[in-house]
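Look over the sequence and the model first.

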Amino acid sequence: MVSLANIAQSLSGFHIYFSRGLAFHRGYRLSPRVTSFAKSFRQSFVFRFSPALGFVFSPLSKIGLPNENLTPCFPLDGKQIRPIQEPYEFYDQLKTQILAAKERIFLSALYIGSEEKELDQSPADLLAPLVKEFPDQVTISLYHTPDLKGILKIFLPSRFNEGIGLMHIKVYGFDNNLILSGANLSHDYFNNRQDRYMLFTNISNLANYFDDLIKTIATFSYTLKPDKNSFKLVLSNIPDPSSQSRQFKKHASFIMKCFIEKWIKKGDIQEHQLDQFDTIIFPVIQMASLDIRQDENATLYILDTIAKNENWKMFFTSGQMDFIIQKEFPKEYKRSNWTFHAKGLWCYMNGQKWPSLTIIGSSNYGYRSTKRDLEAQVILITTNDFLKKAMHDELNHLRKNTAMVTNETFAQVDRK
């Protein structure tokens with residue numbers, strides 16, 4: 001297996017960013033070509049589609065400040081998007097995209113280079129040599145939650161303090177291509193841990209958005225600096241997240257709200273222009289500790305909308321439960337020597353044979369994702385038949401290794 005270090009060393013001419021919970025790379029940038037965004041409304045979080053997309057979302061619940069009530073919108077062609085099904089395909093795409101990139105690479109993950117159960121070597125230890133060898137090309141940033149402080153920080157072991165909060169976003173960008181996933185960059189996720197992966201190609205606007213998101217989080221994260229035979233973590237003129245938690249939250253929250261407002265204002269699109277596209281992407285982020293709840297509000301609204309339409313069919317899966325749920329009928333993932341980490345939602349509207357909507361990203365839809373961690377997802381809605389069938393095939397790939405959950409399931413000896 002080619003190591004991340006070997007791959008990174010082939011990137012001579014790049015400017016790279018990495019981290020645990022935050023791993024990203026950025027190269028020599030061209031001027032951003034921000035073209036089209038969907039029309040947004042100021043006082044409510046509104047999804048609005050062209051007639052070609054078949055329906056309109058009504059206003060969502062208010063999120064707080066008016067400029068937080070909106071999300072950017074990226075009209076695309078369905079042919080620019082492809083689900084990936086297997087871990088080895090995900091790994092092959094990572095290698096292919098990294099080695100082909102010429103301008104920028106940005107990677108964001110929680111685990112890098114180690115198996116999840118064997119984290120003896122921290123990602124900082126693993127990646128520090130890259131900073132030392134390529135000081136003008138590699139930047140590594142590590143986010144620290146402001147909720148891990150005081151006695152908790154002193155006494156909680158590293159594998160337990162993750163429950164307090166972390167940077168959980170999984171985004172892998174290469175020039176104007178992007179992979180959104182829930183998968184980390186470690187051995188299990190490349191071999192026998194099932195996740196979801198969505199490849200977006202030639203999508204400069206969406207790539208610019210996620211590149212900027214990762215860079216923005218980096219502004220209130222630690223930067224890894226080489227220090228003789230070791231390394232040090234440096235904060236750049238910001239409140240310390242452990243000893244100045246309240247000030248840090250206020251600072252980081254302001255930065256993220258400015259980020260959201262900036263991307264809303266970057267462009268506008270008239271409704272008649274939406275007819276030129278067959279797919280719309282809404283990126284949503286969740287950072288409850290920083291008072292950002294886009295993902296939570298959007299997901300709850302979509303679930304409520306689905307519940308009100310009896311002829312809409314929904315499938316939902318969470319990596320924390322190992323379940324795939326079709327409304328009230330849960331199924332459990334069973335595949336010998338495999339684990340399950342896929343999460344998301346698929347919606348089949350009006351009795352259609354293929355889904356028109358999916359949500360994909362890092363959230364596990366649990367307490368930590370909602371209240372503690374930094375998360376990023378996209379809501380994808382399409383009328384492109386090729387993409388709809390690919391989304392349907394992706395779901396069937398996950399479902400083929402499942403069994404119905406019954407009372408007998410929990411009565412089994414290994415469940416007690």
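Helix H11 covers residues 385-399. At 1.5 Å a residue, its 15 residues should span 21 Å, and its end C-alpha atoms are 21 Å apart, which agrees. The expected span is 1.5 Å times one less than the number of residues. Helices are DSSP runs (H or I, at least four residues), numbered from the N terminus.

The model is predicted: local features need pLDDT of at least 70, side-chain atom pairs count only at pLDDT 80 or more, and totals for chains, interfaces and linings use all residues. Residues are numbered from 1 along each chain as its sequence is written, and side-chain values use heavy atoms, leaving out hydrogens and water.

**Helix H11**
- Buried residues (under 20% relative accessible area, 1.4 Å probe, protein chains only) include Leu387, Met391, Leu395 and Leu398.
- At the helix start, a side-chain oxygen of Asn384 comes to within 3.0 Å of the backbone nitrogen of Phe386.

**Glu394**
- Glu394 lies in H11 and has a relative accessible area of 3%, so it is buried.
- Its side chain makes a polar contact with the side chain of Arg196 at 2.8 Å.
- A polar contact is a pair of N or O atoms within 3.5 Å; within protein, one must be able to donate a hydrogen and the other to accept it, and residues adjacent in sequence count only if both atoms are side-chain atoms.
- Beyond neighbours within four places in sequence, Glu394 is in contact (heavy atoms within 4.5 Å) with Pro83, Gln85, Arg196 and Trp346.

Definitions and conventions:
Helices (H or I, at least four residues) and strands (E, at least two) are DSSP runs, numbered from the N terminus. Buried means under 20% relative accessible area, exposed over 50%, partly exposed in between (1.4 Å probe, protein chains only).
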